[in-house]
Amino acid sequence: MATTERIRVGVIGAGGRMGSTVCAAVAADPDVELVAAVDPSYQGLDLRTATGVDADLDVSAGLDALTERGAQVAVDFTELSAGRQNLMYLADAGIHAVVGTTGFDDGDLEEFRAAFTRSNALIAPNFAIGAVLMMRFAEMAAPYFDSAEIIELHHDNKVDAPSGTAMLTLERMAAASGDWSPDPTRTELVSGARGGDGPEGIRVHSVRLRGLVAHQEVLLGTTGQTLSIRHDSIDRTSFMPGVLLAVKQVGDTPGVTVGLDSLLGL
Ligand code: NAP
């Protein structure tokens with residue numbers, strides 16, 4: 001992708017919590033240009049009225065606005081079923097995708113890998129640099145500990161559980177070590193008290209609480225010691241440097257990439 005010209009960016013889910021923050025970040029970055037905002041719930045409104053973002057743009061109902069306005073990269077922060085459809089549209093249209101929507105499984109990723117032949121996709125369950133490092137540290141620590149549990153905490157409107165960040169952390173820790181102590185629990189007085197049974201038996205607990213944004217703690221234990229690795233996104237702007245980095249690099253990152261690690265040199 002030419003770096004001398006501003007990258008033309010469309011945002012899908014533009015009226016949402018993350019989408020509106022992305023619109024503001026794109027509009028404020030001199031290297032990129034916000035050319036389309038898509039969100040059926042806000043159809044007919046201008047972006048200023050819909051989100052407060054200072055950009056002279058109408059919100060469109062359909063994805064066709066992306067092709068009509070020549071978007072080179074589309075950023076998707078919607079929800080699982082919409083995200084699935086949106087990604088297939090982008091692959092078909094040859095538009096690069098930067099995807100923050102969470103909940104995709106291995107089958108989805110396989111389909112995306114087959115579909116993205118004319119453009120690239122970068123899918124990251126967490127665009128915050130601290131969260132990327134948290135996952136890396138947890139993966140590094142895993143072989144040195146006997147037990148591990150993940151507690152993820154999010155705002156009270158989150159519709160999927162566990163979070164995409166927790167799922168990716170679990171998968172990476174399980175790939176780094178399959179040698180975990182068995183769960184000693186014999187009786188559970190309240191169903192689910194021990195959380196969800198993740199890969200290699202690593203437990204995950206999802207907290208939903210008004211006032212939170214996105215938080216995760218990875219707890220590891222071995223004889224006589226514990227290690228806690230915690231990350232807190234206290235504001236949605238925490239995700240924006242990672243989103244903008246992905247927007248600028250996705251054109252030079254062939255195929256479908258999961259996670260920001262390679263872009264950060266990790
Ligand atoms: P949100 O506030 O509900 O925003 C989602 C927006 O997408 C809503 O305005 C929704 O409209 C719209 N939408 C739904 N279907 C659509 C479609 N087909 N086309 C266009 N727009 C559509 O949710 P959020 O808190 O912003 O989170 C969005 C996603 O990002 C979730 O999957 C969340 O887990 C994820 N997330 C990722 C990161 C990361 O760093 N990767 C960080 C935070 C959140 P309606 O309200 O009418 O449905």
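These legends accompany close-up views of the sheet in a predicted model. Local features are described where pLDDT is at least 70, side-chain atom pairs count only at pLDDT 80 or more, and totals for chains, interfaces and linings use all residues. Residues are numbered from 1 along each chain as its sequence is written, and side-chain values use heavy atoms, with hydrogens and water left out.

View 1. Seven strands, paired in parallel, form an open sheet in the order E3-E2-E1-E4-E5-E6-E12, where strands (E, at least two residues) and helices (H or I, at least four) are DSSP runs numbered from the N terminus, and two strands pair if DSSP finds at least two bridges between them. Strand E3 (59-60) and strand E12 (256-258) are the edge strands, each pairing on one side only.

**View 2. Strands E1 and E4.** Strand E1 (residues 7-12) runs parallel to strand E4 (residues 73-76), to which four bridges join it; Gly10 has Ala74 in E4 as its bridge partner.

**View 3. Strand E5 and its two neighbours.** Strand E5 (residues 96-99) is covered on both faces, with His96 and Val98 on one side and Ala97 and Val99 on the other all buried, that is, under 20% relative accessible area with a 1.4 Å probe and protein chains only. E4 and E5 run parallel and are joined by four bridges, and Val75 stands opposite Val98 in E5. From E4 the chain crosses through helix H4 (residues 80-93) to E5 in a right-handed β-α-β crossover, meaning that, with the strands pointing away from the viewer, the path from the first strand over the helix to the second runs clockwise. E5 also pairs with E6 in the parallel sense over three bridges, and Ala97 stands opposite Ala121 in E6.

Terms used. Buried < 20%, exposed > 50% of the residue type's maximum accessible area, 1.4 Å probe, protein only.
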